[in-house]
Amino acid sequence: NNFIVHINQEIKGPDFYSRIFDMLLEAGESDMVSFFVASPGGRIDGLNVLLEGIRLTDAHTVAILIGEASSAASILALNCGEVVVTESAEALIHSCRFGSSGKAADIAAHTQHTLKTTEKLARATYAGFLSPEELQQMLDGKEFYFDSEQLEVRLANRAEYLEAKFQAEQQAVEAPTKKR
């Protein structure tokens, strides 16, 4: 089966993605889930439901960028097993935007928590796509814009990075076995 999911508006709250989450859990290893992405981004809580579904599924996941894949939409795309870039693809990558209200201590605690969790997600997602210097600049507030050609180059760099990371992890696992 090839399941098709359109992410063509702002990413909404978690409840909006319940059926997609369930489909991802039910999809098997012979299935494919294609996310057609043309979105300005959106809510992190809704994004997290999609990301957990992608992590838990046995299906092959593909993000097909058919326009804007900005902010949370770029995170969604880069967490799929494969990314396809069309000529109209573009992306904006930036640090998180959020708001908080309440007592000063509550706002400070919420801000610290949100910065910690979003930085962890950004580092895991954009490693190899952005250079370490660019990643830090993004976390410090700089915005990065990419067209389709730039996305292709960045995705190739990220694939090389992930392959090298995988090889290093494999060698680390095999090293203790060889010493015996």
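View 1. At 15% relative accessibility, Ser148 is classed as buried. The cut-off explains the label: buried means under 20% relative accessible area. The model shown here, and in every view below, is predicted. Ser148 belongs to helix H6, which covers residues 148–179. A polar atom of the Ser148 side chain sits 3.3 Å from the backbone oxygen of Glu87. Setting aside neighbours within four places in sequence, the contacts of Ser148 are Val85, Thr86, Glu87 and Ala89.

**View 2. The Arg43–Asp45 salt bridge.** The whole structure holds 5 salt bridges. One of them joins the side chains of Arg43 and Asp45. The N to O distance is 2.6 Å. Arg43 has 45% relative accessibility and is partly exposed. Asp45 is partly exposed too, with a relative accessible area of 29%.

**View 3. Arg55 and Glu52 in helix H2.** A salt bridge links Arg55 to Glu52. Their closest N and O atoms are 2.6 Å apart. Why does about one helical turn separate the two residues? Arg55 and Glu52 both sit in helix H2 (residues 44–56), and they are 3 residues apart, so the separation is about one helical turn. Arg55 is partly exposed, at a relative accessible area of 47%.

**View 4. Glu119 and Arg123 in helix H4.** Here the salt bridge pairs Glu119 with Arg123. The closest N and O atoms of the pair are 2.9 Å apart. Both residues lie in helix H4, which spans residues 104–126. Glu119 and Arg123 are 4 residues apart, about one turn of the helix. Are these side chains' residues buried, exposed or partly exposed? Glu119 is partly exposed, with a relative accessible area of 32%. Arg123 is partly exposed as well, with a relative accessible area of 33%.

Methods: Residues numbered from 1 in each chain as written. Predicted model: local features only at pLDDT ≥ 70, side-chain atom pairs only at ≥ 80, totals over all residues. Heavy atoms only, no water. Salt bridge = Lys/Arg side-chain N within 4 Å of Asp/Glu carboxyl O. Buried < 20%, exposed > 50% of the residue type's maximum accessible area, 1.4 Å probe, protein only. Polar contact = N/O pair within 3.5 Å; in protein donor to acceptor, adjacent residues only side chain to side chain. Contact = heavy atoms within 4.5 Å.
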